[in-house]
Amino acid sequence: NWIGYTPQTTLPINTALANIPAGHAEFLKSQSGYADYYGIDYGWFGTLDQMSPFLGYLMRLNEDTQFTYNDDMLSSVSSVYTKVENDELNIHDYEHNGTLTTAIYIDDDRVDSYDYELRAYDGTDCIGYAEGLHFPLDGNIIFPLMVYSSLTYEENMVLEYYNAHSDTYYDISESFAFEADMRPGNGLNPVVLNGGQNDNVIIPGLNIVSAYPNP
């Protein structure tokens with residue numbers, strides 16, 4: 001369901017939605033971020049951490065629910081959460097989006113570093129990217145990817161990941177089809193992505209220097 005937001009200030013998502021009975025709602029997204037519900041002991045978590053009167057939201061419910069936003073707290077107007085976009089992607093060019101919560105593995109070892117960024121491509125066009133995010137329930141790093149398209153369904157979405165430390169791109173062996181409002185995986189059960197080095201990558205930083213003091 002698309003939902004309206006009635007409070008006149010920006011509120012943390014766990015405050016704004018506190019009056020929804022536990023377990024009735026499981027997912028919420030805006031155009032630039034999303035969050036999953038992880039039970040009454042923890043609440044909502046994801047790249048969407050605040051709700052604002054200037055944005056629209058799509059909520060997934062397990063059953064019909066009536067609720068009133070909880071704004072019973074002192075709150076000043078704060079900036080709207082907006083994911084910083086790179087030069088390759090303008091999310092406002094697209095009508096549809098979906099989410100893919102992932103974990104990256106290299107040689108069977110899970111990536112546990114913020115040096116990596118996950119990217120999605122439709123041909124040569126970047127249609128999504130995600131930096132690593134610490135998931136507090138188990139301490140691992142997840143890559144919460146939002147992907148975009150002007151179509152409701154597209155085949156062959158190609159994924160790769162980028163190591164900022166070495167300035168190197170790596171292939172992801174799995175490929176996916178884009179479907180509007182798709183949402184595979186969550187922080188507790190992420191979609192597993194297996195990576196390997198792209199054979200066509202030019203490794204940066206190599207040069208020839210004097211052999212001195214080699215005799």
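This is a predicted model: local features need pLDDT of at least 70, side-chain atom pairs count only at pLDDT 80 or more; totals for chains, interfaces and linings use all residues.

Reader: In what order do the five strands of the open sheet lie?

Author: The pairing within this sheet is antiparallel. Its edge strands are strand 1, residues 2–3, and strand 5, residues 44–46, each of which pairs on one side only. Read across the open sheet, the order is 1-7-3-4-5.

Reader: Which residue of strand 7 is the bridge partner of Ile3?

Author: Strand 1 and strand 7, the latter spanning residues 57–61, run antiparallel and are joined by two bridges. Within strand 7, the bridge partner of Ile3 is Tyr57.

Reader: Is Thr6 buried or exposed?

Author: Thr6 is found in the loop between strand 1 and strand 2, the latter being residues 11–12. Its relative accessibility is 57%. A residue counts as exposed when this value is over 50%, and therefore Thr6 is exposed.

Reader: What distance separates the C-alpha atoms of Thr6 and Tyr69?

Author: Along the chain, Thr6 and Tyr69 are 63 residues apart. In the model, the separation of their C-alpha atoms is 7.3 Å.

Reader: Is Thr168 buried or exposed?

Author: Thr168 belongs to strand 15, which covers residues 168–172. The relative accessible area of Thr168 is 4%. The cut-off for burial is under 20%, so Thr168 is buried.

Reader: With which residue does the side chain of Thr168 make a polar contact of 3.0 Å?

Author: The contact in question joins two side chains. One belongs to Thr168, and the other belongs to Ser166.

Key: Residues are numbered from 1 along each chain as its sequence is written. Side-chain values use heavy atoms; hydrogens and water are left out. Helices (H or I, at least four residues) and strands (E, at least two) are DSSP runs, numbered from the N terminus. Buried means under 20% relative accessible area, exposed over 50%, partly exposed in between (1.4 Å probe, protein chains only). A polar contact is a pair of N or O atoms within 3.5 Å; within protein, one must be able to donate a hydrogen and the other to accept it, and residues adjacent in sequence count only if both atoms are side-chain atoms. Two strands pair if DSSP finds at least two bridges between them.
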